[in-house]
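Me: Hi! Could you walk me through this one while I have it open?

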Amino acid sequence: MESVISIRSLNHYFGKDPLKKQVLFDINLDVHAGEIIILTGPSGSGKTTLLSLIGGLRSVQEGRLRSMEYELHRANEEKLVQVRRHIGYIFQAHNLLPFMTVQQNVQMSIELHQNFCLKEARKKSEAILTEVGLGERIHYYPNNLSGGQKQRVAIARALVNHPKLVLADEPTAALDSKSGRDVVNLMQRLAKEQGCTILLVTHDNRILDIADRIIHMEDGQLR
Amino acid sequence: MFRKLPTAWLQLRHQKVRLLVALSGVIFSVVIVFMQLGIRDALFNSSVRFHEGLQGDCFLISPRSTSLIAMQSFPERRLLQPLAFDEVQFVSPIYLGFAQWKNPETRDYWRNIFIIGIDLRHQPVDFSNVIENLDQLKIPDQVLFDQDSRSEFGPIASDFQQGKVIQTEVGNQGSNRKVKVVGLFKLGTSFGSDGNLLTSHLNFLRIFNNRQKGFIDVGLIKLKPGTDVKKFTDRLSKYLPKDVKIMSKQEFIEFEKNYWQSSTAIGFIFNLGVALGIIVGIVVVYQILYTNVSEHLSQYATLKAIGYRHNYLLSMVLQQAFFIAVLGYIPGLLITVIQYEFTKKATLLPVIMTSERALFVFFATLAMCFLSGMTAVHKLKAADPADIF
Ligand SMILES: Nc1ncnc2c1ncn2[C@@H]1O[C@H](COP(=O)(O)OP(=O)(O)OP(=O)(O)O)[C@@H](O)[C@H]1O
Ligand SMILES: [Mg+2]
């Protein structure tokens, strides 16, 4: 099977020389298309760091990292921008833009792609918001929604462009267990429909069942 | 249809109070700059209205004269010498001086008034309403009063129009002379003079009875039609000794403007006012844009994380600077137009909005906001997409 992510001997350091501290040690990982992978591990073990490297939010320092068709070692800013555009992100804090309606937030994602047309963008954003159960609230501002509803908007924003890869960092941490469950179910359903790969970091043991594979990280190393 | 969301505008509009503060900063500085420029130009224009009304092509003054309010007289025979040239149609002496005018209403209030004495044989001046009244000045101690003089001189214009007889005194170095106002003309105040009287040179010398005979302040030379003024002034300069200065009308006007612009603190003060207005605007707009960026760093980082380029964020901030400039300029312009009306009434200075000044201030506002925006975008470097996971 084709791999969406391929990592070889990846190391990562924070800080500058005498305070330089290694946080990722010799990471090797292959993620295949369509897989849902959950990454767990204690706090400070380096999960977020790994996710941000895969997503092109940080520059790779040592080792090989291929995310979809992009080789990220020594990648320039423009290449990182391209990677980011092909990934759907779901953050712990939903990170919606408070000055835009729910629909406009989703549209911001659509506008990143060429050949977009206003009418189509509206239709597309409305459709995906209906799918996440917010069809009635597309003109709401994020501040008028509950935590679970905001996270569902974030999912809609991440998935509207049908990305091949979705990265989610503790998407349920700020939610109660019921809405947390709803959110992961939704992610799972949409991912299966669109055939996309999900890499999800979580501390939440109740949602481990959606995973095809669970990876454990400790002290910067995969176990 | 390819229409993208107006992200910059949506973000700017989201915080209404902050937007209003930014706009008031811009409005404030637009109005200040407009007022400074308006009053400065009015000063320069009003200081040469006298010159513009003179019906001559070429003028003689003493080289020691610096401006209308500081004239040195020179011998009248210098003005007669140019008559040797064929091109000269006529010459006419002009007498200028300040005397004290007694307000006929309050009686004990004296104030300096500018008096112009002209030779009635020619028509050396063409202020509004002067020509039809000139004959009356042949009678001793009759004067024309400038209806645009400041109100401290008394309600002369309205009294005259109601047909009242206006008699008062004009004082010069202790000797007072009774005069009668027999007509009105329009010249207007300038920074140098608050009010004006026009009379014949004979009446002028009756008021200024201590003045040396045969000395004048301005010599007006009228040339025959079709004469090349430039060539004539050059020839005349060679002909006359260096104890008089020869100028074309335009040079005479520039001479006066230049005095106010460069030899007094006035030009400097107005430029300082303009600079202060612009600095206030830059600081306010910068402050607003800077807080806007630093408070919303996580929003900018999110935009970067989902794939927007740094340039997109730059253009957002600069667009906001542009919106602030335009939205601040428009009310600023409207307020200024109203303020100009008030100023015109209060100072009788010809403060008017010109399209050049409106455009100039518009571009200055754009530049000001753009500069603030360019400074504020440095903060955008702190928007790191890696920070938001
Ligand atoms: N920007 C940074 N500068 C310096 N050190 C950092 C930085 N970001 C993270 N670290 C350090 O790197 C290590 C790994 O951090 P990381 O955020 O990847 O852990 P994590 O597994 O996501 O933890 P958590 O479960 O608490 O989110 C930690 O020791 C952390 O202190
Ligand atoms: Mg983390």
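Predicted model: local features only at pLDDT ≥ 70, side-chain atom pairs only at ≥ 80, totals over all residues.

Me: Is B:I335 buried or exposed, or something in between?
Reply: B:I335 counts as partly exposed, with a relative accessibility of 37%.

Me: And what does B:I335 touch, not counting residues up to four places away in sequence?
Reply: With those neighbours set aside, B:I335 touches B:I27 and B:V31. There is also a C-alpha separation to go with that: B:I335 and B:V30 are 305 residues apart along the chain, and their C-alpha atoms are separated by 9.5 Å.

Me: Nice. What about B:T336, where is its place?
Reply: B:T336 is in helix α11 of chain B, which covers residues 310-347.

Me: Buried or exposed, that one?
Reply: B:T336 counts as buried, at 0% relative accessibility.

Me: Which residues is B:T336 in contact with, leaving aside neighbours within four places in sequence?
Reply: The contacts of B:T336 are B:V31, B:F34, B:M35 and B:M353. B:V31 came up for B:I335 as well.

Me: I spotted B:F34 in that list. Which cluster is B:F34 linked into by ring pairs?
Reply: Ring pairs join B:F34 with B:Y329, B:F362 and B:F363 in a cluster.

Me: While we're on rings, how many aromatic pairs are there over all chains?
Reply: The count comes to 18 aromatic pairs over all chains. One of them is B:W101 with B:F145: the ring centres are 5.3 Å apart and the planes sit at 35°, so the pair is tilted.

Me: Where do B:W101 and B:F145 lie in chain B?
Reply: B:W101 is in strand β3 (residues 88-102) and B:F145 is in strand β5 (residues 142-146), so the pair ties together parts that are 44 residues apart in sequence.

Me: Are those two covered up or out in the open? I mean, is B:W101 buried or exposed, and B:F145 buried or exposed?
Reply: B:W101 counts as buried at 0% relative accessibility. B:F145 is buried too, with a relative accessible area of 2%.

Me: OK, zooming out. How many helices and strands does chain B have?
Reply: Chain B has 12 helices and 11 strands. Its radius of gyration is 29 Å, well over the 21 Å from the globule rule for 389 residues, so chain B is more spread out than a compact globule.

Me: What does the C-alpha trace of chain B span along its principal axes?
Reply: About 95 × 55 × 40 Å.

Me: What share of chain B is buried, and how much accessible surface does chain B have?
Reply: Buried residues make up 51% of the 389. The accessible surface is about 17,800 Å², and 58% of that belongs to carbon and sulfur atoms.

Me: And the contacts in chain B between residues at least 6 apart: what percentage join residues at least 24 apart?
Reply: For chain B that figure is 80%.

Me: Switching to chain A. How many helices and strands there?
Reply: Chain A has six helices and 10 strands. Its radius of gyration is 17 Å, close to the 17 Å that the globule rule gives for 223 residues, so chain A is as compact as a globular protein of that length.

Me: What box do its C-alpha atoms fill, and what share of chain A is buried?
Reply: The C-alpha atoms of chain A fill a box of roughly 55 × 40 × 40 Å along the principal axes. Of the 223 residues, 56% are buried.

Me: How about charges in chain A: how far apart are the mean positions of positive and negative?
Reply: The 28 positive and 25 negative charges of chain A have mean positions 3 Å apart. In chain B, with 41 positive and 31 negative charges, the distance is 5 Å.

Me: Last one: is helix α1 of chain A mostly covered or mostly open?
Reply: Mostly covered: α1 spans residues 47-54 of chain A, and seven of its eight residues are buried. Among them are A:L50, A:L51 and A:I54. Just after this helix, A:G56 takes a positive phi of about 75°.

Note on methods: Residues numbered from 1 in each chain as written. Chains lettered and ligands numbered in written order. Heavy atoms only, no water. Helix = DSSP H or I, 4+ residues; strand = E, 2+ residues; numbered from the N terminus. Rg over C-alpha atoms; globule rule 2.2 N^0.38 Å. Buried < 20%, exposed > 50% of the residue type's maximum accessible area, 1.4 Å probe, protein only. Lys, Arg positive; Asp, Glu negative; His and termini not counted. Charge placed at Lys NZ, Arg CZ, Asp CG, Glu CD. Phe/Tyr/Trp six-rings, centres within 6.5 Å; stacked < 30°, edge-to-face > 60°. Contact = heavy atoms within 4.5 Å. Areas by Shrake-Rupley, 256 points an atom, 1.4 Å probe, with all protein chains shown as cover.
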